[in-house]
Amino acid sequence: MVLFNEYSTDFEANLVKSMLQEAGIECALTGEYAKYSFLNEPVKLFVHKADLERAREVVATAPAPDDDLDQQAIETATEKPGRNIGNIILLIVAVIVAIATIYYIFSWQFHF
C-alpha cells in the first residue's frame with residue numbers, strides 16, 4: 001500500500017475513506033486516534049498502488065458540499081481544540097462561583 005494523502009482530522013480522512021470504499025477501492029487509515037495523545041500527527045490514508053490513480057479520480061470528481069448544514073458540520077468537526085478555551089474558562093468560573101456560594105451558605109449556619 002502507498003500513501004494517498006494526509007489529513008489534519010480523522011473526520012476528513014474517514015469521509016474520503018468512505019468515498020473510496022463506495023467506489024470499491026480498498027484503503028486503510030493510520031493515526032486516527034493521534035488527537036487523543038500529545039502527538040499532533042496527521043491521519044494518513046493508504047491505498048493499493050494499483051488503485052492510486054483511480055482513487056485520485058474518485059476524490060477529484062466528488063461533489064462539493066452544497067448544503068449549508070454539510071459545510072457547518074465539516075467546519076465544526078475540523079475545529080481546533082483551542083477554539084473551545086472560552087467555554088472551558090466559563091465552566092471553571094461557574095464551578096468557582098458555585099463552590100464560593102456553597103461555602104458562604106454553610107458559613108452562615110455557624111454564625112447563629
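Me: What share of the protein chain's 112 residues counts as buried?
Reply: 17% of them do. Buried means under 20% relative accessible area, exposed means over 50%, and partly exposed is in between, with a 1.4 Å probe and protein chains only.

Me: What am I looking at, and which rules apply?
Reply: This is a predicted model: local features need pLDDT of at least 70, side-chain atom pairs count only at pLDDT 80 or more, and totals for chains, interfaces and linings use all residues. Residues are numbered from 1 along each chain as its sequence is written, and side-chain values use heavy atoms, with hydrogens and water left out.

Me: How many helices and strands does the protein chain have?
Reply: There are 4 helices and 3 strands. From the N terminus, the order is β-α-β-β-α-α-α. Elements are DSSP runs numbered from the N terminus: helices are H or I with at least four residues, strands are E with at least two.

Me: Now the core. Which residues touch the most other members of the largest nonpolar core?
Reply: Phe4, Leu20, Leu45 and Val47, out of 14 residues in that core. A nonpolar core is a set of buried Ala, Val, Leu, Ile, Met, Phe, Trp, Tyr and Cys residues joined through side-chain atoms within 4.5 Å.

Me: Which elements give two or more residues to this core?
Reply: β1 (2-7), α1 (10-22), β2 (27-30), β3 (43-47) and α2 (52-60).

Me: What is Leu20 in contact with, leaving aside neighbours within four places in sequence?
Reply: Phe4, Ile25, Cys27, Leu45, Val47, Ala55, Val58 and Val59. Contact means heavy atoms within 4.5 Å.

Me: And Leu45, is that buried or exposed?
Reply: Leu45 counts as buried because its relative accessibility is 0%. Leu45 sits in strand β3. Beyond four places in sequence, the residues Leu45 touches include Val2, Phe4, Val16, Leu20, Cys27 and Leu29.

Me: Where is Val43?
Reply: In strand β3 too. Val43 is buried, at 3% relative accessible area. Val43 and Leu29 are 14 residues apart along the chain, and their C-alpha atoms are separated by 6.8 Å. Leaving aside neighbours within four places, Val43 is in contact with Leu29, and also with Asn5, Tyr7, Ala13 and Thr30, among others.

Me: On to α2. Which residues of α2 are buried?
Reply: Leu52, Ala55 and Val58. They cover an arc of only 120° around the axis, so they lie on the same side of α2. That arc is taken from the directions from the helix axis to the C-beta atoms.

Me: What is exposed on the other side of α2?
Reply: Glu57 and Ala60.

Me: What covers the buried residues of α2?
Reply: The cover includes β1, α1 and β3.

Me: How many salt bridges does the count come to?
Reply: The count is 1 salt bridge. The rule wants a side-chain nitrogen of Lys or Arg within 4 Å of a carboxyl oxygen of Asp or Glu. Glu53 pairs with Arg56, and the closest N and O atoms are 2.8 Å apart.

Me: Why are Glu53 and Arg56 separated by about one helical turn?
Reply: Because they are 3 residues apart in helix α2. An α-helix has 3.6 residues a turn, so residues three or four places apart point the same way. Glu53 is partly exposed at 49% relative accessibility, and Arg56 is partly exposed at 42%.

Me: Where is His48?
Reply: In the loop between β3 and α2. His48 counts as partly exposed, at 32% relative accessibility. Not counting residues up to four places away, His48 touches Met1, Val2 and Glu26.

Me: Last one. Which residues make the nonpolar surface patch of about 630 Å²?
Reply: Ile85, Ile88, Ile89, Ile92, Val93, Ile96 and Val97. Patches are made of residues with over 30% relative accessible area and no salt bridge; like charges are joined within 9 Å, and nonpolar side chains (Val, Leu, Ile, Met, Phe, Trp, Tyr) within 5 Å. Val93 is in helix α4 (residues 85-109) and is partly exposed, at 44% relative accessibility.

Technical notes: Areas by Shrake-Rupley, 256 points an atom, 1.4 Å probe, with all protein chains shown as cover.
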